[in-house]
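Let us take a walk through this structure together, looking at a few side chains and the partners they meet.

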Amino acid sequence: MRRLYVYTTLLAFGVGLSLVPRALARMGGGGTYSVFPRVSATVMALEPQGLATIRTTNGTTYEVVQHTSWQVGDRVACERVAAAYVRVPWERLDCRKVSG
């Protein structure tokens, strides 16, 4: 009886480990990082819906998801998100505050 328990446990463990390489093989080899350079911008307006309007140094404006510590005039650095992960336009950039 004990031997059957050991064999069953080893079989379950082996099958579980055999599924790991297939799951990892489905992931893209490049990861989720951006190949584009970071964008430096200034927060121009904060909207009550949780969005912020930012203006980049070259004059382009974007709507992005705002963070709680942001205020109008803050400098932010943004990275472009891979297109496969974007569902709505304001998720194109992932921004972090760099100064106050």
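R38 counts as exposed, because its relative accessibility is 62%. In this predicted model, R38 forms a salt bridge with E79, and their closest N and O atoms are 2.7 Å apart. The two partners come from distant parts of the chain: R38 sits in the loop between α2 (20-25) and β1 (39-46), while E79 belongs to strand β4, 41 residues apart. E79 itself is partly exposed, with a relative accessible area of 32%.

How many salt bridges does a search of the whole structure find? The search finds 3. Another of them pairs D74 with K97, whose closest N and O atoms are 3.5 Å apart. D74 lies in the loop between β3 (61-65) and β4, and K97 in strand β5, so this pair ties together parts that are 23 residues apart in sequence. Is D74 buried or exposed? D74 is buried, with a relative accessible area of 4%, whereas K97 is partly exposed at 37%.

R96 also forms a salt bridge, with D94, and here the closest N and O atoms are 3.5 Å apart. Both partners are partly exposed: R96 has 45% relative accessibility, and D94 has a relative accessible area of 33%.

Now for a covalent link. A disulfide is a covalent bond between the sulfur atoms of two cysteines. The count here comes to 1 disulfide, which joins C78 to C95 with an S to S distance of 2.1 Å. C78 is in strand β4 (residues 75-80) and C95 in strand β5 (residues 93-99), 17 residues apart. The torsion about their S-S bond is about 105 degrees, so the disulfide is right-handed. C78 counts as buried at 0% relative accessibility, and C95 counts as buried at 3%.

Notes. Residues are numbered from 1 along each chain as its sequence is written. This is a predicted model: local features need pLDDT of at least 70, side-chain atom pairs count only at pLDDT 80 or more; totals for chains, interfaces and linings use all residues. Side-chain values use heavy atoms; hydrogens and water are left out. A disulfide is a pair of cysteine sulfur atoms within 2.5 Å. Helices (H or I, at least four residues) and strands (E, at least two) are DSSP runs, numbered from the N terminus. Buried means under 20% relative accessible area, exposed over 50%, partly exposed in between (1.4 Å probe, protein chains only). A salt bridge is a side-chain nitrogen of Lys or Arg within 4 Å of a carboxyl oxygen of Asp or Glu.
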